[in-house]
Number of protein chains: 2
Amino acid sequence: MTQRVYNFSPGPAVLPLPVMEAAQRDLLALPGIGISPLEISHRHKWFDGVLADTKGTLRELLGIPQNYQIVFLQGGASTQFSMVPMNFLRGTNLPADFVVTGAWGGKAVAEAQREGTVNVAWDGKATNYDRLPAANDVKLSPQAAYVHITSNETIQGVQFPANPTFGAAPLISDLSSDFLCRPVDVGQYGMIYACAQKNAGISSVTIAIIRDDLLERGAKNLPTMFDFRTHVKNDSVYNTPPVFAIYVFQLILQWIKNDIGGLAKMAAHNAAKCKLLYDVLDGEFYQGHAQPNCRSTMNVTFRMKEELEKPFIKGAEQLQLMELKGHRSVGGMRASIYNAMPIEGVKILSEYMQDFRKKNG
Amino acid sequence: MTQRVYNFSPGPAVLPLPVMEAAQRDLLALPGIGISPLEISHRHKWFDGVLADTKGTLRELLGIPQNYQIVFLQGGASTQFSMVPMNFLRGTNLPADFVVTGAWGGKAVAEAQREGTVNVAWDGKATNYDRLPAANDVKLSPQAAYVHITSNETIQGVQFPANPTFGAAPLISDLSSDFLCRPVDVGQYGMIYACAQKNAGISSVTIAIIRDDLLERGAKNLPTMFDFRTHVKNDSVYNTPPVFAIYVFQLILQWIKNDIGGLAKMAAHNAAKCKLLYDVLDGEFYQGHAQPNCRSTMNVTFRMKEELEKPFIKGAEQLQLMELKGHRSVGGMRASIYNAMPIEGVKILSEYMQDFRKKNG
């Protein structure tokens, strides 16, 4: 086996080694069944068990109230940018409020505009999405179908607190890049959705958690596959779901529960990891992109003198610290340190950053 | 490792053992890269190579002309039942013709009706979808946006020949359950689509092959993710694709090309396999569901006296022949013998069927 590197990719992203080892062990045949998880039918009783356990463990870890439904979808957050307004904006004669704190929120606005009236309640573009809005700056509609936020913006590295409040309308949050990084009060939300390929496994499954009353008032006569109720009524097996991705998600949930000890401990791990990097940002040699009060625990974005970027990346790669280049719209570096990034990798990066500054400062 | 059984599931379905062994070998870290294929970014140059090789090998195996584009989508055939009419029926003021030879074709009709006028040019319901239409029975529209067929119906076990003709309108075929089972003249089609979880790998990726002129005349202002052009223009990485599923598909294509020797040989293997079962159907003890001239090479459907079904399944399971129960709408048994089902498994089933008849006939 090739030695593993430290993969700071923003997603798809590093997975817990015990999860991959478990998947590898049974990849040719599940014990006692003799069929691979790559091959097994979604109608097989083994998968009934996977689905029930996955939903049960997720409900337990997040404390999801009984009036919320869990469904597994396909197409990533980008598909939700359309499905959410198809279900909850179309035909309402109400606006949907969007608080835009980065690139992904902007994409969600563009798709919602096809389905109804969008009110951009706040947009951080003027300062290249380096901050959250002050409470007074958010211009909510008097009555909205829902309020949409992006919990964590991967490109800019800006993250909301776990349970932000935005008036009385149902709050719908894209948690794609910080799902399960900390406890969340699901009861504060109308809906949460997240693609899997950051903290929940491999790309191809999207997890949605939706409150019953929102489901009930959803638009009628939608294409069957784009109607959330189809997937709720059929417990995510109306059609063939991404079986293997849901199985990997089950393994991830077991890892969070049993190996880590739950979401409060997960959050503590993540806080310790990002502190190792944010403590190095000095505003001079290393300039953080996000304002200190809204820095992401998942994506640490920072710049340096442009001529130092290539040497920085080259030196990092010699230490097996990979995928650190930032998005072109922000520049500089981005260290994505999702749940599964070991603290050892972050320590090596932190020390490297300090060494690099000494040599080039 | 648990011993592998013979898995006759209609899908997700058996995969080639060498493909799974290759995936298992590199599951923790790709050689020379140090990142798992479960974790690696779709922007990594390794995945650029996977994508290019997968498309290249598929183009070579199927002889796909240069005026056809290949894209990788999510959501299975069920999502295509909506995406196809959204793109090619909506706003045309033309009807779309549907030839319905089974359950899946019927689902495609129901979704297309949301987008425009549907003409059911033929429907085999009267005989519970046991046959293909006679040429004279298909009532095509004088001018249609397209004609839609389901190449192979898994539930009923009815399969079209590789290159059926239906007038001048673009022919769109759902090849989900017989993709890559034989050579196909792609130039005869406007579009082909197939979910992966029968002959092309694991559930979560859908392959679409679309002719340029059809793409050009597609509906405007569609949700970005539901517009085929989005995925063509961005070479299937507009958003995060199902990276691991595309990688498994690449391994499958290499297996067909190198281990099997191409699609003509694949077709010969499949013909030999299904003959072993169809030869046992005698119309008395074992009654085939599909008429002999349209029997599927992929799904062999047959009935016996109802009181013998449970003993038949029990005896089969003792021989590790699993997942043989037919769909409730047809009853009896269904042996799905996709590309990756080894002929040894089919031989054991064929012999078992003969033994069972001797003992119970």
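Before you click: residues count from 1 along each chain as its sequence is written, while chains are lettered from A and ligands numbered from 1 in the order in which they are written. Since the model is predicted, local features need pLDDT of at least 70 and side-chain atom pairs count only at pLDDT 80 or more, whereas totals for chains, interfaces and linings use all residues.

**Stop 1: chain A, 22-258, then 262-360.** These are domain 1 and domain 2 of chain A, with bounds from an automatic or database domain assignment. Their centres, taken over C-alpha atoms, are 27 Å apart. Domain 1 of chain A puts 22 residues into the contact and domain 2 of chain A puts in 23 (contact: C-beta atoms, placed from the backbone, within 7 Å). On the domain 1 side, select β7 (158-159) and α7 (243-260) of chain A, which each supply at least two residues. Helices here are DSSP runs of H or I, at least four residues, and strands are runs of E, at least two, numbered from the N terminus.

**Stop 2: a sheet in chain B.** Pick β11, β12 and β14 of chain B: they form an open antiparallel sheet in that order (strands pair if DSSP finds at least two bridges between them). β11 (287-288) and β14 (333-336) of chain B each have a single partner strand, so one side of each lacks a neighbour in the sheet. Two bridges join β11(B) to β12 (299-303) of chain B. Finish on B:G288, which stands opposite B:F302 in β12(B).

How values were computed
Two residues are in contact if their C-beta atoms, placed from the backbone, lie within 7 Å.
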